[in-house]
Amino acid sequence: MPDSLSIAHVYQYEREGYVSPVRVLDDEEVSYYRRCYDGFERKLGRTLKKSLPRERRLLFQETHTILPWVFDLASHPRILDSVESLLGPDLLIWSTQWFPKPPHDPGYVNWHQDGVYWGLHPPLVCTAWVALTASDRSNGCVRIVPTSHRDDLPHAETFADDSVLSRGQEIAVEVDEATVHDLVLEPGEMSIHHIGMVHGSNANESDHPRIGLAVRFIAPEVEHSGDDHPWGMLVRGEDVHHHFGLVDRPTHGKERPDEFRRQFL
């Protein structure tokens with residue numbers, strides 16, 4: 001497996017706003033992390049089953065702060081090597097979120113741009129979306145509009161129950177399907193997209209689950225204009241800017257209580 005992105009990949013990211021697919025996990029690693037994820041989901045039990053799609057994010061956000069195996073996945077050297085090719089040698093994890101879609105799950109993600117809502121500037125920010133299962137059009141893979149990262153678009157808030165997003169935020173312009181690219185991934189592959197990328201995903205219409213972890217990386221020089229997420233986790237290099245409070249990594253063999261995670265939601 002390559003340790004970092006090729007020059008061609010870096011040019012593609014700059015020009016089109018994304019890179020995909022990138023192999024980051026071998027088969028043994030995929031099996032291990034899938035077992036860990038399945039155990040985590042089983043623990044959620046009825047709480048997960050009775051939650052609307054847009055309520056699930058509170059269960060699946062920032063688990064890298066309490067679960068050592070999620071931290072290990074989010075900070076996997078091959079993921080960091082690829083992201084370093086785009087953002088530089090100093091990297092913070094700003095946020096993580098699982099995006100599971102069980103078979104025939106109605107949950108979907110509206111067409112939106114994260115940069116409009118996140119308040120992070122300059123846009124040295126990207127999302128690495130790591131697949132633990134196959135992710136394709138039938139089970140609701142991530143979909144993007146290449147080159148759409150260059151301009152901020154107006155958004156509206158739908159608060160749709162089946163939207164995975166907290167407010168059902170959605171761009172207020174039509175998307176031409178002819179311009180859409182499906183980020184089809186095999187287990188162990190990831191995609192990377194720019195904070196300004198117009199992206200979304202459809203419901204899972206298949207008999208197979210879709211499971212992926214989104215890791216949001218920022219360079220330390222990035223600043224946050226809000227006050228609801230003033231923290232990060234340093235995973236490579238150093239932070240000489242100190243724009244974010246730094247959260248310690250979870251200790252191996254010691255799962256933190258969920259109360260620790262809740263302070264970052």
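This is a predicted model: local features need pLDDT of at least 70, side-chain atom pairs count only at pLDDT 80 or more; totals for chains, interfaces and linings use all residues.
Attention now turns to the aromatic rings. A pair of aromatic rings is described by the distance of the centres and the angle of the planes. Six aromatic pairs are found in the structure. In one of them, the ring centres of Tyr32 and Tyr33 lie 5.0 Å apart with planes at 65°; because this angle is over 60 degrees, the pair is edge-to-face. Tyr32 is partly exposed, at 37% relative accessibility, whereas Tyr33 is buried, at 7%.

Phe40 and Phe60 also form an edge-to-face pair, since their planes meet at 70°, with the centres 6.1 Å apart. Phe40 belongs to helix H2 (residues 27-49) and Phe60 to helix H3 (residues 57-60), so this contact ties together parts that are 20 residues apart in sequence. Phe40 counts as buried, with 13% relative accessibility, and Phe60 is buried too, with a relative accessible area of 1%. Both rings are part of a cluster in which ring pairs link Tyr37, Phe40, Phe60, Trp69 and Trp98.

Finally, a ring can also meet a charge: the charged end of Arg256 sits over the ring of Phe260, at 4.1 Å from its centre.

Key
Residues are numbered from 1 along each chain as its sequence is written. Side-chain values use heavy atoms; hydrogens and water are left out. Rings of Phe, Tyr and Trp (its six-membered ring) pair if their centres lie within 6.5 Å; planes under 30 degrees apart count as stacked, over 60 as edge-to-face and the rest as tilted. Buried means under 20% relative accessible area, exposed over 50%, partly exposed in between (1.4 Å probe, protein chains only). Helices (H or I, at least four residues) and strands (E, at least two) are DSSP runs, numbered from the N terminus. A charge sits over a ring if NZ of Lys or CZ of Arg is within 6 Å of the ring centre and within 35 degrees of the ring normal.
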